[in-house]
Amino acid sequence: MKRAIELSINGDTYDVLVSPNNTLLEVLRDKLGLMGTKRGCDLGACGACTVLINGEAYLSCVMLAIDAGGKDILTIEGLAEGGELHPLQSSFVEKGGLQCGFCTPGMILTARAILNEEENPTEDVIKRKMAGNLCRCTGYKKVVEAVMSANESDENAGRPEGQEA
Ligand code: FES
Ligand code: FES
């Protein structure tokens, strides 16, 4: 039997009818048309479907939508503000941290979660915490450079809105 839930996504509230077994990824893409969250493996193994929930990175393909009710969800569509790319997005572009772009929303949101948690993460910390985000194109080096660069060039790259320095 379907249930009505309220999802808070990128600052907007959505009322949706979901089946108990609907994943958050299914609801984001198939019911709400938020296609920036990618469906890769659909098994919790590639990181393409990463979203932030209350500031932490989660794999939306293995999370039930009903468990995301009442929480603060951020997808890649909510990262840019006022038509300006987020510092992490700019840095990925500038440093060549993306090629086909399929993994990029998940990569950037995982990076955002890392910068939320750690003020100045080392290269090793970034590599370890991004190990669950797979990429077939970049070879990862430029991804790590992009995250380091965003952190160095913008002190607000990882801070939640309203908590900027
Ligand atoms: S699509 Fe979710 S981890 Fe691969
Ligand atoms: S840029 Fe193509 S999969 Fe990562």
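Aspartate 42 counts as partly exposed, with a relative accessibility of 38%. Keep in mind that this is a predicted model. You'll find aspartate 42 in the loop between helix H1 (24-31) and strand E3 (50-53).

How many salt bridges does the structure hold? The count is six. The general idea is simple: side chains of opposite charge can pair when their charged atoms come close.

| Pair | N to O distance |
|---|---|
| Lysine 129 and glutamate 118 | 3.2 Å |
| Lysine 141 and glutamate 145 | 3.0 Å |

Take the pair of lysine 129 and glutamate 118, whose side chains meet in a salt bridge. Lysine 129 sits in helix H4, while glutamate 118 is in the loop between H3 and H4, so this pair ties together parts that are 11 residues apart in sequence. Lysine 129 is partly exposed at 28% relative accessibility, and glutamate 118 is partly exposed with a relative accessible area of 26%.

The pair of lysine 141 and glutamate 145 stays within one element. Both residues lie in helix H5, four residues apart, which is about one turn of the helix. Lysine 141 is exposed, with a relative accessible area of 58%, whereas glutamate 145 is partly exposed at 31%. Salt bridges can also share partners, and in this way Asp30, Arg39 and Asp42 are joined into one network.

Tyrosine 140 is not a glycine, yet its phi is positive, about 75°. Is this residue buried, exposed or partly exposed? It counts as partly exposed, at 34% relative accessibility.

**The inside**

Now for the nonpolar parts. In soluble globular proteins, nonpolar side chains tend to be buried together. The largest nonpolar core here has 22 residues, and those with the most contacts inside it are Leu88, Phe92, Met107, Met130 and Val147. Which helices each supply at least two residues of this core? They are H2, helix H3 (104-117) and helix H5 (141-153). H3 gives the most, with seven residues.

Some nonpolar residues show up on the surface instead. Leu85, Val93 and Leu98 make a nonpolar surface patch of about 260 Å². Valine 93 belongs to helix H2 (residues 87-95), and it is exposed, with a relative accessible area of 57%.

Next, look at glutamate 56, which is found in strand E4 (residues 56-59). Glutamate 56 is partly exposed, with a relative accessible area of 44%. How far apart are glutamate 56 and arginine 112 in sequence and in space? They are 56 residues apart in sequence and 8.7 Å apart in space, going from C-alpha to C-alpha.

**What about the cysteines?**

Cysteine 100 is exposed, with a relative accessible area of 57%, whereas cysteine 135 is buried, with a relative accessible area of 11%. How many disulfides are there? The count comes to zero, with a disulfide taken as a pair of cysteine sulfur atoms within 2.5 Å.

Key: Residues are numbered from 1 along each chain as its sequence is written. Chains are lettered from A and ligands numbered from 1 in the order in which they are written. This is a predicted model: local features need pLDDT of at least 70, side-chain atom pairs count only at pLDDT 80 or more; totals for chains, interfaces and linings use all residues. Side-chain values use heavy atoms; hydrogens and water are left out. Buried means under 20% relative accessible area, exposed over 50%, partly exposed in between (1.4 Å probe, protein chains only). Patches are made of residues with over 30% relative accessible area and no salt bridge: like charges are joined within 9 Å, nonpolar side chains (Val, Leu, Ile, Met, Phe, Trp, Tyr) within 5 Å. Accessible areas come from the Shrake-Rupley method with a 1.4 Å probe; for residues, only the protein chains shown count as cover. A salt bridge is a side-chain nitrogen of Lys or Arg within 4 Å of a carboxyl oxygen of Asp or Glu. A nonpolar core is a set of buried Ala, Val, Leu, Ile, Met, Phe, Trp, Tyr and Cys residues joined through side-chain atoms within 4.5 Å.
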